[in-house]
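Please keep the structure in view while reading.

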Amino acid sequence: MALIEVQDLRYRYPDQQGLALDGISFSVEPGEFVGIIGPNRAGKSTLCQALVGLVPHFYKGAIGGRVVADGLDVHKHPVAEVARRVGLVFQNPFTQISGAKFTVYEEVAFGLENAGVPREEMIPRIEEALRLLGLEELKDRSPFALSGGQMQRLAIASVLAMRPKVLVLDEPTSQLDPEGTGEVFAAMAALCRQGMAVVVAEHKVERLAPLAGKILVLHAGRRVAFDSPRRVFAREDLPALGVAVPPVTEAARRLGWRFEDGTYPVTTEEAEELARKNLVAAGGGGGGRG
Amino acid sequence: MQLSLYVPGKTWVHRLDPITKLLAVLVAVVLTFVLPGFFSQAGILLVSLAMLGSAGVLRRAAPVLAGVFILPLTFFVVQGLVYPGNVHPAVALGPVVFYREGLLLGLSLTLRLYNILSAALILVLVTRPSDLVEALVRRGAPPRLGYVMIAVLQIIPIMVASTQTILDAQRSRGMETEGSLWVRIRAFLPLMGPLVTNSLISTEERALALEVRGFAGGGKRTFLKDEQIPPYAMAMRILVLAALVLGIGGRWLWGWR
């Protein structure tokens, strides 16, 4: 059974005319890595927030369709309850720090205290979350004294300690430098390898492509595509929709380097593999020429 | 930047749980109004100062205590000159006569002021604010109130830092922000726009982040830290309550004056 099942989701913010989400359907299986891409205002953040119920519970507004997270109808349950199954990490690492705690360790405990997790169970959970995100050495530091990447990893650890089934991240690296971005992507990849389902809205398609099993493309609140990265990035309509394509895919397209199924490579490894194959096919390869 | 005046330490006063300290402070404040006479007042003051001393924070308390001396000064001057009960002249400085009754009243008011202040300092200097708030939330105080009290301590310094960033950005584009009072006042308005907008945005974002971490959930909460109540805290509580009962009884049952 799918962990997250979204069916014909429609949503309109209060006091607004157009639909922010217009008939979105997709599902996330256990252990799957799903990327959500699309231009600004396509509905990526709204969709992420709909997966934990902040849309509609926090913002109100009009909602239609269904979101089922781990068997729980999100529209009929409070955010606090859904949040134990679906963890949400936001863009800004800074405003996710509760401000109520003085150390990294205590910050991770915050959600567990709210959920009423017994103390004996809290400690192993916190330590596991800190270990998974590589924060053990920072555990006694003030959360506000961390770098952006560290702070974002702390936000992920804090959500992870709640032991959700799915981790949803809404542009988690948009305010980070390349180093912080690398840290966060490495953390997401590691979590997914350990069986966590990960859903991430992200602009950095070249980082997303090697990790994602599936990519959901949104435009103006509508689903444009929901498929494997290779098939999504092979679409001809993406530039017109303002959706970025990994540079390596763009280069391959211009060079006409295609796989047999008509798709283009989306990672450097794939491109390299294809290039070698093409060279072999061209007879003897270019290696002999020097 | 540090907003709290808490001085970390491991003395017996530090280890005393916040509720016992709160109780002791409240009793000291009540007793200073209940007990008559200078000796009892001075006694309470001595106890408070002794606690501050054994917590090793007398040095930090001294500037606070010295800083408010202007208030007692006005007590002595005003009461000494114009207290309605003034009968016996005590000191005469030319045509200005200070009366004994007024000066004594000034002394008693001064002792009260210092009693309240030094008792409060035990709480302020020797109790970690978050420990006090957590102890109260454990005993049924609303978690939202507790959150506000703690978060303010952390978030104000951050607002100060973001004010500095905005000011730097404005200065780098040629706005005058330093100089005469008038220049500073004029620089204040353009600062408020971004600062308030920023704060509103972060407040909404933080509210969302708190929401997904179950802060609004009304269920039973647990606490990461075990409450540490040293064995002598009970004795201390009993002692403090006995002092309160004795003081109230002495004043109204046995007619201490």
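## A strand and its partners, and a helix pair

In this predicted model, A:Val168 stands opposite A:Val199, a residue of strand β8(A). The two strands concerned, β7 (residues 166–170) of chain A and β8(A), run parallel and are joined by 5 bridges. Strand β8(A) also pairs in the parallel sense with strand β3 (residues 33–37) of chain A, over 4 bridges, and within β8(A) the bridge partner of A:Phe33 is A:Val198.

| Strand paired with β8(A) | Sense | Bridges |
|---|---|---|
| β3(A), residues 33–37 | parallel | 4 bridges |
| β7(A), residues 166–170 | parallel | 5 bridges |

Strand β8 of chain A, which spans residues 197–201, is mostly covered, with 5 of its 5 residues buried.

In chain B, helix α8 (residues 143–172) packs against helix α9 (residues 181–212) at an angle of about 135°, and their axes lie 10 Å apart. Because of that angle, α8(B) is oblique to α9(B). The crossing of the two helices is right-handed. On the side of α8(B), the contact is made by B:Met159, B:Ser162, B:Thr163, B:Ile166, B:Leu167 and B:Gln170, while α9(B) contributes B:Pro190, B:Leu191, B:Pro194, B:Leu195, B:Asn198 and B:Ser199.

Methods:
Residues numbered from 1 in each chain as written. Chains lettered and ligands numbered in written order. Predicted model: local features only at pLDDT ≥ 70, side-chain atom pairs only at ≥ 80, totals over all residues. Axes fitted to C-alpha atoms, helices over the stretch in contact; angles between N-to-C directions. Parallel < 35°, antiparallel > 145°, perpendicular 65-115°, else oblique. Left-handed = near helix turned anticlockwise from the far one by under 90°. Contact = placed C-beta atoms within 7 Å. Buried ≥ 20, exposed ≤ 12 C-beta atoms within 10 Å, placed from the backbone. Pairing = 2+ DSSP bridges.
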